[in-house]
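Okay, thanks everyone for coming. Let me put the sequence and the model up, and then we'll walk through a few places in it.

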Amino acid sequence: MSSFYVTTPIYYVNGAPHLGHVYTTLIADTLAIHHRDRGDDVFFLTGTDEHGLKVQRAAEDLGISPQALADQNAEKFKVVFDKYKLTYDRFIRTTEADHKATVTEVVNRMKAKGDIYLDTYAGWYSASDEAFYDESEIEDGKVIASGSAVEWVEESSYFFKLSKYENQLLDWYKENDTNIKPDSRRNEVASFVSGGLRDLSISRTTFDWGIDFPGDPEHVLYVWVDALTNYLTGVGGFTDKDKFAKYWPADCQLLGKDILRFHAVYWPAFLFSIDITPPKQVFAHGWWVVDNVKMSKSLGNFIDAGDLADEFSLDVLRYFLTREIPLGSDGNFSRVRVVERNNSELADNLGNLVNRSFAMTEKFLEGQIPKFNGPSSDPLDSELVGHAKLAYENILAAMDRRETHRALEFVMSFSSEINLYIQKTQPWKLNKEDKERVAVVLYHILEAIRWVCHLANAFLPNTAPVILEGLGVDVESPLKDLSWGGLAPSKINSPPVLFEKLDPKAFEAKIEEPVEPEEKVDYIEFDDFLAVNMRVGKILEAEAVEGADKLLKLEVDLGERKNRQVVAGIAKSYGPGDLIGKKVAVVSNLKPRKIFKILSEGMLLAADTEEGGLQLTFYPENVSVGTRLS
Ligand code: ME8
């Protein structure tokens with residue numbers, strides 16, 4: 001059994017959990033559930049970062065001890081994470097005894113390596129970021145990157161020889177292309193390190209809320225050395241050697257882009273110093289803004305994670321947060337968008353599929369799931385089985401690349417395929433004509449729904465099991481040996497409505513005022529836009545069409561099982577040789593039609609040029625085939 005160790009940052013206890021904290025932890029939860037479903041031995045770690053100046057000052061402001069503040073807020077995080085039903089294996093707190101022991105051992109090993117020396121630190125510090133900054137990173141008393149205030153610090157301090165690890169870090173970044181993701185972040189970090197590293201101050205003497213510096217209790221250890229070490233403590237540290245050997249190095253360390261430097265520079269350097277292998281992957285995700293404005297308490301758009309869970313059902317929120325943006329990109333949280341995705345994707349696609357399929361089984365088969373009669377020779381049936389198998393492969397591969405939004409897109413397009421199969425087979429008609437066939441068709445529909453549920457479980461962990469229960473299915477690691485025909489005959493139990501349609505108007509009060517148009521435009525609704533499916537397609541073949549000098553016949557890969565044939569009127573601007581291997585924008589859900597007697601299953605998007613020609617848009621290598629344009 002392979003192991004899978006996933007971590008989130010540990011969150012500061014100076015305040016209550018918000019949307020951003022829940023986002024990281026939800027993504028980690030999605031990866032954890034997915035890997036458990038694959039039969040992996042998963043360890044999922046989250047928790048709270050309780051020491052340091054920032055927490056000490058927040059406690060002082062409230063007139064309570066830092067420990068009391070940590071106790072209060074760690075509890076709030078736990079309550080909220082439980083409200084979201086997150087399946088972490090340990091909630092670590094840095095004030096716990098086993099953690100303090102691991103940290104002390106880490107520093108002792110750094111000392112033994114000769115990587116620590118005493119000197120004086122004179123420079124800028126931001127308590128809000130818990131970070132030291134160079135003059136060049138500051139403007140008008142604030143950190144350029146984060147906007148946080150800085151203060152001048154001048155005191156005796158222990159230093160870690162970070163500069164010693166410059167080359168080892170640069171080599172590590174080059175070792176493979178998965179250890180720091182996304183790629184743009186790896187480049188950013190590599191260029192920071194190649195600019196030269198200074199040794200890092202790792203102790204302070206002017207406050208005391210932290211772990212004593214080993215061997216010199218006058219000094220408090222820098223909070224980031226303490227905090228990063230949690231990832232070791234969480235899986236046994238230096239005491240539970242078996243557990244540690246099983247899970248370390250971590251498979252995926254998730255964090256926001258704000259704290260990449262700590263995780264991709266300091267953290268591996270600390271590990272190099274104590275001869276521990278660095279994590280397999282550090283993944284920096286983007287930031288959410290709210291209705292296009294940075295979330296902040298002073299602007300009144302701060303989203304408290306606990307309150308948010310009362311506004312929407314858990315799976316709807318989870319679906320939105322995973323589906324709306326690729327992991328790594330920034331996103332805009334808008335309640336109206338949550339409603340739109342709920343209505344048009346969850347309710348209309350998946351919810352409707354389950355409802356009608358269970359209803360047909362009740363009506364045509366008295367609620368009895370038929371027996372699986374082996375592979376069917378009907379082309380529609382085998383096409384559906386093909387879609388199921390392709391969805392399985394695509395989803396697992398997307399999850400391995402941490403393309404969670406793509407995985408979910410594959411789940412939903414598989415659900416659309418099942419809806420399409422229902423349209424094509426028309427069980428309500430068959431029921432009158434051929435009872436045997438209707439049983440085969442409904443078996444295929446219900447079995448495909450079982451596959452959708454297993455594949456969607458990590459994204460919809462509160463809904464998928466309800467549907468599966470209705471099908472009488474309960475398996476431990478369903479993705480491990482998923483095979484077609486596994487659904488056993490039993491009586492179904494129709495689930496309640498899975499996704500209620502929501503009224504976007506009820507959420508409008510919380511969004512910005514609509515902007516008055518300057519000139520009259522025939523606006524379309526957002527749903528109208530969503531109805532047009534535009535994707536990135538790769539042109540595999542191109543040839544002229546005899547007798548039609550404007551047309552080219554193309555074979556285009558849209559990431560589907562079968563390539564599409566597209567006839568495009570671009571031959572005056574492009575020869576076949578210009579196009580092969582190019583990635584272009586394709587409208588993929590236009591009704592297929594014949595152009596010059598040749599079937600065209602899509603339309604390329606092009607702009608008129610000033611010379612009267614046409615110009616296609618070409619996408620670079622890092623845009624995957626099949627990506628939806630939005
Ligand atoms: O940095 N959008 O803790 P922290 C998305 N204790 N994610 C966001 C976000 C937003 N608007 N705001 C915050 C710390 N996050 C340290 C970490 S780890 C050894 C120590 C998420 O409470 C994101 O994951 O400031 C970010 O990295 C984390 O919250 C910062 O949480």
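Before I point at anything: helices (H or I, at least four residues) and strands (E, at least two) are DSSP runs, numbered from the N terminus. With that in hand, Leu254 is found in strand 14. Two housekeeping points. This is a predicted model, where local features need pLDDT of at least 70 and side-chain atom pairs count only at pLDDT 80 or more, while totals for chains, interfaces and linings use all residues. Residues are numbered from 1 along each chain as its sequence is written, and side-chain values use heavy atoms, with hydrogens and water left out.

Back to Leu254. Is it buried or exposed? Buried means under 20% relative accessible area, exposed over 50%, partly exposed in between (1.4 Å probe, protein chains only). Leu254 sits at 0% relative accessibility, so it counts as buried.

Look at the ligand's oxygen atoms next. One is 2.9 Å from a polar backbone atom of Gly256. A polar side-chain atom of Asp258 lies 3.1 Å from an oxygen atom of the ligand. For His285, an N or O atom in the side chain is 3.4 Å from a ligand oxygen. On its own the ligand has 670 Å² of accessible area, and the protein covers 94% of that (areas by the Shrake-Rupley method with a 1.4 Å probe; for residues, only the protein chains shown count as cover).

One last stop: Arg93, in strand 3 (residues 90-93). Arg93 counts as buried because its relative accessibility is 14%. Its side chain makes a polar contact with the side chain of Glu50, at 2.6 Å. A polar contact is a pair of N or O atoms within 3.5 Å; within protein, one must be able to donate a hydrogen and the other to accept it, and residues adjacent in sequence count only if both atoms are side-chain atoms.
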